[in-house]
Amino acid sequence: MSGWAVETRDLVKTFGDFVAVDRVSLEVSRGEIFGFLGPNGAGKSTTIRILCGLITPTSGVALVNGIDVAKDPEEVRRNLGYMSQKFSLYDDLTVEQNIDFFAGLYGVPRERRSARKNYVLEMARLAERRSALTGSLSGGWKQRLALGCAILHDPPILFLDEPTSGVDPIVRGVFWDLIRGLSNTGHTILVSTHYMDEAEYCNRLALMHRGKVIALGTPAELRHHASAHSLLRLDSSQPLETMRALEELPGVVAVAVFGGGLHVTVDDPDATAERIRRKLAAAGIEVRRLEKILPSLEDVFVSMIEGEERRVA
């Protein structure tokens, strides 16, 4: 058996001429929270579905708990739990009935079902809602129930595919508390997300773009990758005109919209800030704020995406 919880080597998945996963190689340690980060269409969900044995890779190797997903997908599925962004729950069943159904589906031994059900109800804080119709639950409560159903058979590895899509930040925070609790009990968790704040909760991240892993490391390591440049926060009276004005300005590496302002990646913050002020003043654009800031993971990701686009252009 492989020493890794999950391992891939040159993993490829194509659909006709479209390459959805492009030579992805990575290793995930046991007990790790590992994140796939990237925009929609980056290949995150396809990679996870291959690892779950739901689709067959075109080429390459994928091992989950030491089991080859192409050779024995059924055994792979017995070793994992899977939760998608579209919760596979039955709205016309109660919370308890959904748990009972999935306990049978996952083959939980009858003598363990009562204990596992009580564990899930307590873990997901659903004990007081056990008799409620699932269809009457809010998105956040459905999310907790879906997670509970995915771990009924106590799998060593859990795959969460965009699990917090469509729920508010407070609910997402509660959900991540549950994930950290599972990690602390030794479960390996792989999660895909496009929320940059969620990436901070992961031990390591794979940043994906157009099916490729363009960066791999801890959140701190990825930020360090961006330390070759400095970042300026710029608020002006005319953001779009400001972006056009700065595109060819010496010292400016990249300009990206961030909230109501701009983040400007530069080589020399002091010298370039002065050039920015002069350029915008000449264009009749008011500078309301211009200061050096620390890069966020979103800044790092945008910078890497733009660098990758320039490389393949």
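At what angle do helix H9 and helix H10 pack? About 120°, with their axes 10 Å apart. Before I go on, this is a predicted model, where local features need pLDDT of at least 70, side-chain atom pairs count only at pLDDT 80 or more, and totals for chains, interfaces and linings use all residues. Residues are numbered from 1 along each chain as its sequence is written, and side-chain values use heavy atoms, with hydrogens and water left out.

Okay, back to that pair. H9 is residues 239-246 and H10 is residues 269-282; helices here are DSSP runs (H or I, at least four residues), numbered from the N terminus. Angles run from 0 to 180 degrees between N-to-C directions, on axes fitted to C-alpha atoms over the stretch in contact. In H9, Thr 242, Ala 245 and Leu 246 meet Ile 276, Lys 279 and Leu 280 of H10, with contact meaning heavy atoms within 4.5 Å. That's four nonpolar residues, one polar and one charged.

Now the other pair. H5, residues 139-150, and H6, residues 169-184, have axes that come within 10 Å and cross at roughly 15°, so these two are roughly parallel. From H5 we've got Gly 140, Gln 143, Arg 144 and Leu 147, up against Val 171, Val 174, Phe 175, Leu 178 and Leu 182 in H6. Sorted by class, this contact has six nonpolar, two polar and one charged residues, and Gly counts as polar in that scheme.

Conventions: Angles under 35 degrees count as roughly parallel, over 145 as roughly antiparallel, 65 to 115 as roughly perpendicular and the rest as oblique.
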